[in-house]
Amino acid sequence: MSFINFAAREINCKIVYYGAGLGGKTTNLQYIYQKTAEQQKGKMISLATETERTLFFDFLPLDLGSVRGFKTRIHLYTVPGQVFYDASRKLILRGVDGIVFVADSQQERMDANAEALDNLMSNLKEHGYDFNKIPYVLQLNKRDLPNILPVDTLTKDLRRKDEPVLEAVAFQGQGVFETLKEIARQVLVELKKGS
Amino acid sequence: MPENRAEEIVRTAVAQALERQLASFRESVVQEVLREVGPALSVKPAQAGSSAAGLQKAVARIQAGTTQKEILRALLDNTVLYSGRAALFVVKNGTATGWQGAGFSNNDAIRDFALDMSSGIGARVLQSRTAGNGAASDFDHGFISKFGSPADGKVALLPLLLKDKVSALVYADSGAHPGTLDAAALDVLVRATSAWLEVISQRKQAQKDGTPDAEMHSAPSGNDPFAAHAPLHTGKAHHEAESVPAAAMSAAAASGGSSAGFVLSPEDAEVHHKAQRFARLLMDEIKLYNQAKVADGRKHKDIYDRLKEDIEKSRATYLKRYGNTPAAIGNYFNQELIRSLAEDDVSLLGKNFHQ
């Protein structure tokens, strides 16, 4: 969970973008990175192998406010989506403060979405985290494609609690910051509860 | 008692009752079909492959299928035992759209081929709902032009009926080998497939309705096994057509053997279903992440060599999850590997692939 850097007077939070392979997790992060001012962000670190594209960077949003005089620095992570990289996914979830599940809206990826969601639940459980208490957003990505399922159908199949559901076209930036703001808001609420 | 608990008990009871009926139901369908086409078989001396025993095996293979796709794929695979080339077209609103082909030099081109049903054999079969045979010149000219005329110039078109409607058409000809077209045998296979699809459809509907198995024989089914078919040009994925869930799985189906005998419990059937879906997902991901390698592998018949790392990592993941479950006997990983990555042609995986 979040850790405090007293010297810098910052609270560091970890948000993980989770979801099936090629669903748009990395695209979300890349867009956020591109649109964030240089002085606000750290380096984008890529743990990419030929097939595994795991990204990480941190940034300091100016408009999030502070918690008891501490600024909030957000660290954004993606996980490798391909099913067999489960160990990496599990590792990246450690210490998570908020999760964005990026669902691929294409109907042929519904099995993959369901598998990734089950995998998320299973990995959270293994870490001993209570999913119901973790800030969480469901993003329905790729809304621009022709072969997508209706929002109602996706929501019915993929929503696991009363989490906000946001539509996105990540490569165009649609819904990307809306999603980030929502998850950051939830994380901040939790932080304030704990402060 | 909580409502969901009651529903669970009813579902389990219904599923168990249905399972008990499966073996006898399957056998009665086989016998009924053979009885119906018996006269045709006795008029035309059977070829080596169309003996009653050979046909019974073919029917059993078809009826080992538990999903629409498995059943139709088995129909096609067995149709080419009694013909040179075969293709299946899904009929909707009077139009026939290609689903899959077998025995053609370009099977992929069958997909989404729109068959002209306005005249000739196609129109007659659609109207009469009975099989039609005739000259290739009396069949869709566009089709013959694209895929070539059979050597003996004869074609057969058989309607696959569901609830008395033509839901699909099976095209067959002798290809490059005159005399290999056995219309009577094909009639058996198509009728058996129709019957089995009806059975699966009714079982699914019965489970959905929670009706006891006794009602299954008379209850009309509102479930159309072809409803999920969506040609490419509609923008919907073919995947959907593959997703008709297994109402139940026989152990025989899982092992690819005879359809007679032992029947799985609903719990085990569910594990089989999940294992198969997981194997399919693993293959989908290999294809998604390695599109160029898959294309090259198919072209050069060495898919396994090019994708060995991904395949073996996926296999390990699959075995970790299902290797010690009842689904282990299903060998779904290899099945999907061949079906999905190699498009049903095991030779595309290359010489280093061993099942």
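Figure 1. Because B:Glu309 and B:Lys313 lie four residues apart in helix H10 of chain B, about one helical turn separates them. In this predicted model, these two residues form a salt bridge in which the closest N and O atoms are 3.2 Å apart. B:Glu309 is exposed, with a relative accessible area of 54%, whereas B:Lys313 counts as partly exposed at 29% relative accessibility. A second pair in helix H10 of chain B, B:Arg315 and B:Glu312, is three residues apart and likewise separated by about one helical turn. Their side chains meet in a salt bridge of 3.0 Å, taken from N to O. Of this pair, B:Arg315 counts as buried at 17% relative accessibility, while B:Glu312 counts as partly exposed at 28%.

**Figure 2. Further salt bridges of chain B.** B:Asp302 forms a salt bridge with B:Arg306, and the closest N and O atoms of this pair are 2.7 Å apart. B:Asp302 is buried, with a relative accessible area of 18%, and B:Arg306 is partly exposed, with a relative accessible area of 31%. Elsewhere, B:Arg73, B:Asp77 and B:Asp344 are linked to one another in a network of salt bridges. Over all chains, the count of salt bridges comes to 21.

**Figure 3. The surroundings of B:Ile311.** B:Ile311 is found in helix H10 of chain B, which comprises residues 303-322, and is buried, with a relative accessible area of 0%. When its neighbours within four places in sequence are left aside, B:Ile311 is in contact with B:Ile286, B:Ile303, B:Tyr304, B:Phe333, B:Leu337 and B:Leu341. One of these residues, B:Ile286, is 25 residues away from B:Ile311 in sequence, and the two C-alpha atoms are 7.5 Å apart in space. For the chain as a whole, eleven helices and six strands are found in chain B, and 50% of its 355 residues count as buried. Among the contacts in chain B with a separation of 6 or more, 64% are between residues 24 or more positions apart.

**Figure 4. The interface of chain A and chain B.** In this view, 16 residues of chain A are in contact with 22 residues of chain B. The area buried between the two chains is about 1700 Å², and carbon and sulfur atoms give 55% of it. A:Val83, A:Phe84 and A:Asp111 together supply 31% of the area that chain A buries against chain B, which is more than any other three residues supply. Two salt bridges are found across the interface of chain A and chain B. B:Arg321 forms a salt bridge with A:Glu115, with the closest N and O atoms 2.7 Å apart. On the side of chain A that touches chain B, the residues divide into five nonpolar, six polar and five charged.

**Figure 5. A:Arg89 in helix H2 of chain A.** A:Arg89 has its place in helix H2 of chain A, which comprises residues 86-93. With a relative accessible area of 4%, A:Arg89 is buried, since buried means under 20% relative accessible area. A polar atom of the side chain of A:Arg89 lies 3.4 Å from the backbone oxygen of A:Gly81. Leaving aside its neighbours within four places in sequence, A:Arg89 is in contact with A:Tyr18, A:Val79, A:Pro80, A:Gly81, A:Gln82, A:Val83, A:Asn119 and A:Asn123.

**Figure 6. The buried and exposed residues of helix H4 of chain A.** Helix H4 of chain A comprises residues 151-158, and its buried residues are A:Leu154, A:Thr155 and A:Leu158. Seen down the axis of the helix, these buried residues fall within an arc of 100 degrees, so they line one face of H4(A). On the other side of H4(A), A:Asp152 and A:Lys156 are exposed. The elements of chain A that cover the buried residues of H4(A) include strand S7 (98-104), helix H3 (110-127), strand S8 (136-141) and strand S9 (165-167).

Terms used: Residues numbered from 1 in each chain as written. Chains lettered and ligands numbered in written order. Predicted model: local features only at pLDDT ≥ 70, side-chain atom pairs only at ≥ 80, totals over all residues. Heavy atoms only, no water. Buried < 20%, exposed > 50% of the residue type's maximum accessible area, 1.4 Å probe, protein only. Helix = DSSP H or I, 4+ residues; strand = E, 2+ residues; numbered from the N terminus. Arc of directions from axis to C-beta. Contact = heavy atoms within 4.5 Å. Buried area = accessible area lost by both parts, 1.4 Å probe. Salt bridge = Lys/Arg side-chain N within 4 Å of Asp/Glu carboxyl O. Nonpolar A, V, L, I, M, F, W, Y, C, P; charged D, E, K, R; others polar. Polar contact = N/O pair within 3.5 Å; in protein donor to acceptor, adjacent residues only side chain to side chain.
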